[in-house]
Amino acid sequence: MKVLRVIDRSRDEHFMHEALQLARQGAAMGEVPVGAVLVCDGEVIGRGFNRPISSHDPSAHAEMVAIRVAAQERQNYRLPGTTLYVTLEPCSMCAGLIVHSRIERVVYGTPEPRAGVVISQGRFFEQPWLNHRVLVEGGVLMEDCGELLRAFFAERRRKPRVDG
């Protein structure tokens with residue numbers, strides 16, 4: 001008999017609000033505003049926001065940062081029983097990391113039509129060759145998450161671009 005997990009929408013929204021706060025921190029630093037929190041048993045064990053520009057690290061996506069923090073805290077590269085809350089649908093790099101980390105559940109805010117691999121450009125977590133299954137919930141605080149990104153890019157388009 002398969003036991004279904006009860007999803008607490010208010011809990012999901014609470015942690016997504018925390019991820020949104022992190023995304024705003026990133027935006028204030030000029031980074032694309034994406035935030036992530038990793039939760040285990042109701043406690044945040046990892047936080048992150050996008051920082052590839054400031055860290056000179058193309059892998060420094062919000063999910064990657066939050067998972068690295070949690071793995072170091074737990075002294076374990078596997079993080080079973082955790083839920084990752086992220087404001088934007090994960091890309092292929094982050095989806096691979098989520099599987100390798102054995103994260104149980106991913107909750108994301110808004111779809112990423114160009115690079116998202118949960119629903120937008122493919123269904124990565126449904127691939128039969130994966131050795132770990134991830135539960136996914138999308139659209140939590142979707143309007144808030146999407147608006148933060150739209151406002152950020154609208155402002156970026158208004159400013160003259162300075163390339164080094």
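L141 counts as buried, because its relative accessibility is 13% and the cut-off for buried residues is under 20%. In this predicted model, L141 is placed in the loop between β5 and α5, and its phi is positive, about 55°, although the residue is not a glycine. Most residues other than glycine have a negative phi. A second residue with this kind of backbone angle is R102, whose phi is near 65° and which is likewise not a glycine. R102 is found in the loop between α4 (92-101) and β4, just after the end of α4. R102 is buried because its relative accessible area, 17%, falls under the cut-off of 20%.

| Residue | Relative accessible area | Class |
|---|---|---|
| L141 | 13% | buried |
| R102 | 17% | buried |
| S120 | 28% | partly exposed |

**The chain as a whole**

The chain holds five helices and five strands, and their order along the sequence is α-β-β-α-α-β-α-β-β-α. Its radius of gyration is 15 Å, which agrees with the value near 15 Å that a compact globule of 164 residues would have. Along the principal axes, the C-alpha trace spans about 60 × 30 × 30 Å. Of the 164 residues, 45% count as buried. Among the contacts with a separation of 6 or more, 59% come from residues 24 or more positions apart.

Which residues of α4 are buried? They are C94, A95, G96, I98, V99 and S101, and these buried residues pack against α3 (62-74), β3 (82-88) and β4. In an α-helix there are 3.6 residues a turn, so residues three or four places apart point the same way. The positive phi of R102, about 65°, comes just after this helix, in the loop that leads from α4 to β4.

**S120 and its contacts**

S120 is placed in the loop between β4 (105-110) and β5 (135-138). Leaving aside neighbours within four places in sequence, S120 is in contact with E89, P111, E112 and P113. Two of these partners also have polar atoms placed against the serine side chain: the side chain of E89 makes a polar contact with the side chain of S120 at 2.6 Å, while the backbone oxygen of E112 lies 3.4 Å from a polar atom of that side chain. E13, by comparison, is 107 residues from S120 in sequence and 22 Å from it in space, taken from C-alpha to C-alpha.

**The largest pocket**

The largest pocket has a volume of about 580 Å³, and 25 residues line it, with V32, L88, E112, L149 and F153 lying nearest its centre. The elements that give two or more residues to this lining are α2 (52-55) and α5 (142-158), and α5 gives the most, with five residues. By class, the lining is made up of 13 nonpolar, five polar and seven charged residues.

Note on methods:
Residues numbered from 1 in each chain as written. Predicted model: local features only at pLDDT ≥ 70, side-chain atom pairs only at ≥ 80, totals over all residues. Heavy atoms only, no water. 1 Å grid on protein atoms, 1.4 Å probe; cavity = no way out; pocket = protein on both sides within 12 Å on 5 of 7 lines; lining within 4 Å. Points joined across faces, edges and corners; volume = space filled by probe spheres on them. Helix = DSSP H or I, 4+ residues; strand = E, 2+ residues; numbered from the N terminus. Nonpolar A, V, L, I, M, F, W, Y, C, P; charged D, E, K, R; others polar. Buried < 20%, exposed > 50% of the residue type's maximum accessible area, 1.4 Å probe, protein only. Contact = heavy atoms within 4.5 Å. Polar contact = N/O pair within 3.5 Å; in protein donor to acceptor, adjacent residues only side chain to side chain. Rg over C-alpha atoms; globule rule 2.2 N^0.38 Å.
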